[in-house]
Amino acid sequence: MSLKAQLEAIIYAAETPITLDQIIQLVKDSVVAAGAADDAEVKSRVRSCLEELAGEYGGSDHGIEIRQVAGGYRMSTKPEQHEVVRTYARSLKPPVRLSLPALETLAVISYKQPVTVPEINDIRGVDSGGVIGTLLDRKLITTAGRKQVIGRPILYKTTKEFLMRFGLKDVNELPSMEEFEKLVAESFQAELIPAESAAAETFSTTEPASDTSTSEEEEESTRAPKNSDGRESASSEREEIEKSAAPRAK
């Protein structure tokens with residue numbers, strides 16, 4: 001492969017501007033093998049080839065160009081092509097937005113496919129008929145024949161569109177059930193901890209109600225003494241009556 005082709009592939013693949021030093025480190029061995037005597041000559045050849053490549057892309061036959069941006073090289077569309085690129089970007093499909101029930105159903109189908117609606121309902125614990133229709137409309141799932149049991153229910157599986165939307169090579173790239181359960185547990189724990197902290201804070205600021213009831217012993221001590229018949233003693237009252245009934249001295 002020629003040096004120019006290598007530089008073109010590197011700049012195209014780079015997500016961010018790639019510097020001259022980074023490029024030299026990547027192609028140094030092949031440049032030395034091609035006859036470069038020392039590092040200075042390697043750098044000179046790479047720089048010269050980059051300028052030649054940028055000049056070729058600068059022609060009217062190319063819709064993209066190689067520019068120096070933020071100290072490095074990168075490919076970008078030419079200003080005169082911005083309108084057609086903008087039109088193309090508007091034609092792209094919007095990102096898929098799914099509800100939590102739809103995501104749950106899609107996850108069940110992804111891991112259990114091919115699977116029937118009754119089997120999905122057993123796993124989720126709710127009816128998934130309506131959600132299945134949504135996933136079919138989004139072309140994320142499709143039918144996969146019928147299961148050879150009584151009633152012959154329809155089997156469902158994921159589609160190529162599902163792989164494209166989630167950036168998967170195939171369903172084997174899905175996380176294992178152990179990894180999936182770990183992710184769910186971590187997410188649940190992250191939501192649970194703030195709730196527990198709030199509950200603890202609320203409890204700590206709540207003062208217990210004071211007990212204003214009077215004990216039985218205190219009530220007994222405040223009662224008037226009783227005689228053997230269970231009646232209150234009235235000796236003091238009799239004394240007062242006798243004094244009032246006595247003749248007054250003249």
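Colleague: In which sense do β3 and β5 pair, parallel or antiparallel?
Modeller: Keep in mind that this is a predicted model. Strand β3 covers residues 115-116 and strand β5 covers residues 154-158, with two bridges between them. One of the residues involved is Thr116, whose bridge partner in β5 is Leu155. The sense of the β3 and β5 pairing is antiparallel.

Colleague: And how many bridges join β4 to β5?
Modeller: Strand β4 takes in residues 141-146, and it runs antiparallel to β5. As a landmark, Thr142 stands opposite Lys157 in β5. The number of bridges joining β4 to β5 is four.

Colleague: On to the helices. How are α1 and α3 oriented to each other, roughly parallel or roughly perpendicular?
Modeller: Helix α1 spans residues 3-13 and helix α3 spans residues 39-57; their axes come within 10 Å and cross at roughly 70°. Angles of 65 to 115 degrees count as roughly perpendicular. So the description for α1 and α3 is roughly perpendicular.

Colleague: What classes of residue make the contact of α1 with α3?
Modeller: From α1, the contact uses Leu3, Lys4, Leu7, Glu8 and Ile11. The α3 side includes Arg45, Val46, Cys49, Leu50 and Glu52. By class, that contact has no polar residues, but eight nonpolar and five charged.

Colleague: Which element gives the largest share of the largest nonpolar core?
Modeller: That core has 20 residues, and Leu7, Ile23, Val27, Val46 and Leu50 touch the most other members. Two or more residues come from each of α1, α2 (20-33), α3 and β2 (72-77). The largest share is six residues, and the element giving it is α3.

Colleague: Which residues does Val46 touch, leaving out those up to four places away in sequence?
Modeller: Val46 is among the core residues that touch the most other members, and it also takes part in the contact of α1 with α3. Leaving out residues up to four places away, Val46 touches Leu3, Leu7, Leu20, Ile23, Ile24, Val27 and Val31.

Colleague: How many residues are in the second, separate core?
Modeller: Among the members of that second core are Val115, Val131, Ile132 and Leu168. Val115 falls in the range of β3, residues 115-116. The residue count for the second core is 18.

Colleague: Last one: what percentage of the residues is buried?
Modeller: The protein has eleven helices and five strands. Under 20% relative accessible area counts as buried here. Out of 250 residues, the buried share is 21%.

Methods: Residues numbered from 1 in each chain as written. Predicted model: local features only at pLDDT ≥ 70, side-chain atom pairs only at ≥ 80, totals over all residues. Heavy atoms only, no water. Axes fitted to C-alpha atoms, helices over the stretch in contact; angles between N-to-C directions. Parallel < 35°, antiparallel > 145°, perpendicular 65-115°, else oblique. Contact = heavy atoms within 4.5 Å. Nonpolar A, V, L, I, M, F, W, Y, C, P; charged D, E, K, R; others polar. Core = buried A, V, L, I, M, F, W, Y, C linked by side-chain atoms within 4.5 Å. Buried < 20%, exposed > 50% of the residue type's maximum accessible area, 1.4 Å probe, protein only. Pairing = 2+ DSSP bridges.
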